[in-house]
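Student: I've got this model open on my screen and would like to talk it through. Could you take my questions one by one?

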Amino acid sequence: MSIKNKLFLSFGLLIGILVIGIVLNQVISNNAAKTYQKLKVEAIPAMKAIEKYDGINRELFLLISSKTFNSTIGFKEKNRLNGILDVELPYLKSEIYYLQGKQSTTEVQVSGIKKIIELSDLLITQAKEINRLLITNEDYGDPSKFNVAKSIFEDDITDYYTALNTEIISLDLYYNELLENYQNEFAESLNWSSNFILISGILGVLVGLLFSYQVILSISKPIERLKEAAHQISDGNYETLVNVEGKDEIAELASSFNLMANSLKANFKEIEESNNKINIKNKELEQFAYIASHDLQEPLRTVTSFIDLLKEEFEAELPENGGIYLNFISEAAVRMRKLISGLLEYSKIGNNRVFQEVDCNDLVNSSLDDLGVAISDSKAVVHVEDLPKVNGSEVELRSLFQNLIANAIKFKKEGVNPEVKISSKFEKGKWVFCIADNGIGISKEYRDKIFIIFQRLHDRSEFEGTGIGLAHCRKIVEGHNGQIWVESGLNEGSSFYFTIPG
Ligand code: ADP
């Protein structure tokens, strides 16, 4: 499965669990709300009504008992008795009556309520009868009234009251039980609700963690393998390939990586082969340059010595032009000797090279000694900063400094004394040397060309030279695994830089 789909699935599952949790919790909360509503609307008002009804009946019983047996019952009590009989009890009775219509009421309960109302009606009727019989103090002295009232109280009212009390107690018990049930139900719903929140939360977190872990593993492991393979390839192990498992984006990346590694391998092989060919050609060329320059020296020496003999022995006999021509031939032979020996030197660079620790300060000082005449003739000023010790060939590095300093003095501006500054700095694991001058400078288009052998930018009449010096320098620097370049502009002086690994 693709990583995108895995991520969608894990988030989907997490959200799904949370949604189910929320919906179930909502259902349970609704249940709890309904139960609470029942408690509030049914059970509690019913209990209150029963309690009040019970209290009023008890008060009625006590008041009617006082009325029956006590002729001196006060005005207040009489009023209260009448209030109960005419207003409070009928009102409360209707409240009790109303309970029949409630959802939770059972048939047994309905018949209980009916009985309570019947008994209550009888109680009211009989109480009213006593009230009617015993109005004045004289009524208490009248046995036909008092005795009837007494027997109504003792026989009927007491019975009705006892029966009514029993019914009220049983209704009260029923509602008590109902209240307890509702309370339990409500508490249970709340409990379930909090459990659901907890369980869906924990489940969501666990699923999230599990899937994230799986996705992270499925991404990080192959990436680790890819990183390892990339390191191997950068170390030159072009055979390295990555194991491709599955069909996700990482697997696609791994197969692209393998394709890249294969094409790198093929390209590298090609480059290696052409490098080998170039190296062989270079060797052949160097060999040729060496043999040619070496073998040309001998006939050239013969030509030079015979020109000298010719001059010595026949100069007086030669016509004027003959002497001039002979001088041209002699000068050309000298130039040719210089070129040939330069070429020979060039082809020998790198042969028998011995690397050792070399103090560049010493190299520069001995080069300056060698260039003493040129420096004093041109009135050059040379500043040398403290230079490092490097690992390299002493002979070659001396020749490198000497060539660059000699050029910095030679290519001076007309009428300006040369000023040369030699410095170095350590940068990114290598020493960068700089030989800067205030000379004629080099225009941008020739910056690379001057490092090619025999390339010169000026006529011999302007500046003497063979065009071999900078080619020498480049070969020496490259033989030390460094680079050489120039920063300059026409008439702006030149700064020659080269690097030697630190
Ligand atoms: P040569 O000095 O024998 O001419 P080089 O190889 O040393 O040969 O230099 C090649 C060319 O680069 C020079 O002919 C010159 O035109 C240019 N060049 C070298 N060094 C400098 C310099 N410091 N300032 C200006 N031009 C330079």
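Student: Where in H6 does the kink of about 30° lie?

Tutor: Keep in mind that this is a predicted model, where local features need pLDDT of at least 70, side-chain atom pairs count only at pLDDT 80 or more, and totals for chains, interfaces and linings use all residues. Residues are numbered from 1 along each chain as its sequence is written, and side-chain values use heavy atoms, with hydrogens and water left out. A bend at a residue is the angle between axes fitted to the seven residues ending there and the seven starting there. In H6, the kink comes shortly before the proline Pro-299, at Gln-297.

Student: How far does H6 reach from its first C-alpha to its last?

Tutor: Helices here are DSSP runs of H or I with at least four residues, strands are E runs with at least two, and both are numbered from the N terminus. Helix H6 covers residues 249-314, which makes 66 residues.

Student: Is Gln-297 buried or exposed?

Tutor: Buried means under 20% relative accessible area, exposed means over 50%, and partly exposed is in between (1.4 Å probe, protein chains only). Gln-297 sits in helix H6, where the buried residues also include Phe-257, Ala-289 and Leu-300. Its relative accessibility is 19%, so Gln-297 counts as buried.

Student: How far apart in space are Gln-297 and Asn-237?

Tutor: Along the sequence, 60 residues separate Gln-297 and Asn-237. From C-alpha to C-alpha, the distance between them is 49 Å.

Student: Now the ligand. Which element gives the largest share of the shell around it?

Tutor: A residue is near a molecule if one of its heavy atoms lies within 4 Å of it. By that rule 21 residues surround the ligand, with Asn-407, Asp-437, Arg-456, Gly-467 and Leu-470 the closest. Two or more residues each come from helix H10 (394-410), helix H11 (469-479) and strand S7 (494-501). The largest share, three residues, belongs to H10.

Student: Which residue has a polar backbone atom 2.8 Å from an oxygen atom of the ligand?

Tutor: For a polar contact we want a pair of N or O atoms within 3.5 Å; within protein, one must be able to donate a hydrogen and the other to accept it, and residues adjacent in sequence count only if both atoms are side-chain atoms. The side chain of Lys-410 puts an N or O atom 3.0 Å from a ligand oxygen, and a backbone N or O atom of Gly-467 is 2.9 Å from a ligand oxygen. The 2.8 Å case is Leu-470.

Student: How much of the ligand's accessible area does the protein cover?

Tutor: Accessible areas come from the Shrake-Rupley method with a 1.4 Å probe; for residues, only the protein chains shown count as cover. On its own the ligand has 530 Å² of accessible area. The protein covers 98% of that.

Student: Which residue's side chain makes a polar contact of 3.0 Å with the side chain of Lys-475?

Tutor: Lys-475 lies in helix H11 and, at 14% relative accessibility, counts as buried. One of its side-chain polar atoms is 3.0 Å from the backbone oxygen of Tyr-346. The side-chain partner is Glu-286.

Student: What is the phi of Lys-428?

Tutor: Most residues other than glycine have a negative phi. Lys-428 is in the loop between strand S4 (419-427) and strand S5 (430-437), and at 80% relative accessibility it counts as exposed. Its phi is positive, near 50°.

Key:
The expected span of a helix is 1.5 Å times one less than its number of residues.
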